[in-house]
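This report goes through one protein model, from its overall fold to its aromatic side chains. Please keep the sequence and the structure in view while reading.

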Amino acid sequence: MAVLSIQEINNHFIDNRYLLNVIHQPDLWNSLNIPQLPTPVKVKFDDDIKTNMPQAIKNNKGLYMFFLEPLHPFEPTINHLLYIGRVREGQTNFNFFKRFDEYKNQIGNINGSLNKVLLTNLWPDYTHVYFYSLDNLTDDEIARIEDEIIKKIIPPLNSKIGGKTEQTRNLY
């Protein structure tokens, strides 16, 4: 399905959606207390994401992160973390494969949450998902890691944040 245009998004949500607050706070980065994450599996976000997702991770539990990877005609490469989510293991609706039904179905669909509309439609060809398989951790440990990363890296399309960072957030 074709992605929504910025005009379609703005007609529905009425605002400049290319403007996202990004907070770069090294003191928060340096205070992250998480285990070393494994090398992620990177998959381009588009209609084919579920087809292109390696079989080896489809039912795994872990974290996924949406990154905007602009194709600027200069170096260095710039990547922006937009959103972090987590999934549980097994054949539930929370594994990587099932979780991405919701995101894939949001492409071209204005009837979703603002954050999902933006995440899945604004940057076609430049959005990638990094899957961090964390099968060696419990669901509670993964939830704690997700929560800490969100609080200290502050991805602009995560609405679930807390602590001091929540007081600085002005996305809407």
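## Overall architecture

Of the contacts in the protein with a separation of 6 or more, what percentage is accounted for by residues 24 or more positions apart? The share is 72%, as computed from a model that is predicted.

The protein contains seven helices and four strands, and these follow one another along the sequence in the pattern α-α-β-α-β-β-α-α-β-α-α. Buried positions make up 42% of the 172 residues, while the accessible surface amounts to about 9500 Å², with 50% of that area belonging to carbon and sulfur atoms.

## An enclosed helix

Helix H5, which spans residues 114–121, is largely enclosed by the rest of the structure, because eight of its eight residues are buried.

## Aromatic pairs around Tyr103

A search of the whole structure finds 13 aromatic pairs. One of them joins Tyr64 and Tyr103 in an edge-to-face arrangement, with 5.7 Å from centre to centre and 75 degrees between the planes. Since Tyr64 belongs to strand E2 and Tyr103 to helix H4, the pair ties together parts that are 39 residues apart in sequence, and both of these tyrosines are buried.

Tyr103 also pairs with Phe66, and this pair is classed as tilted because the ring planes stand at 55 degrees, with the centres 5.1 Å apart. This pair, too, links distant parts of the chain, with Phe66 in strand E2 and Tyr103 in helix H4, 37 residues apart; both Phe66 and Tyr103 are buried.

## The wider cluster and a charge over a ring

Which residues do ring pairs link into a cluster? The cluster consists of Phe45, Tyr64, Phe66, Tyr83, Phe96, Phe100, Tyr103 and Phe131, so that the two pairs described above, Tyr64 with Tyr103 and Phe66 with Tyr103, involve members of this cluster.

A further arrangement concerns a lysine and an aromatic ring: Lys50 lies over the face of Phe97, at 3.9 Å from the ring centre.

Note on methods: Residues are numbered from 1 along each chain as its sequence is written. This is a predicted model: local features need pLDDT of at least 70, side-chain atom pairs count only at pLDDT 80 or more; totals for chains, interfaces and linings use all residues. Side-chain values use heavy atoms; hydrogens and water are left out. Buried means under 20% relative accessible area, exposed over 50%, partly exposed in between (1.4 Å probe, protein chains only). Helices (H or I, at least four residues) and strands (E, at least two) are DSSP runs, numbered from the N terminus. Rings of Phe, Tyr and Trp (its six-membered ring) pair if their centres lie within 6.5 Å; planes under 30 degrees apart count as stacked, over 60 as edge-to-face and the rest as tilted. A charge sits over a ring if NZ of Lys or CZ of Arg is within 6 Å of the ring centre and within 35 degrees of the ring normal. Contact means heavy atoms within 4.5 Å. Accessible areas come from the Shrake-Rupley method with a 1.4 Å probe; for residues, only the protein chains shown count as cover.
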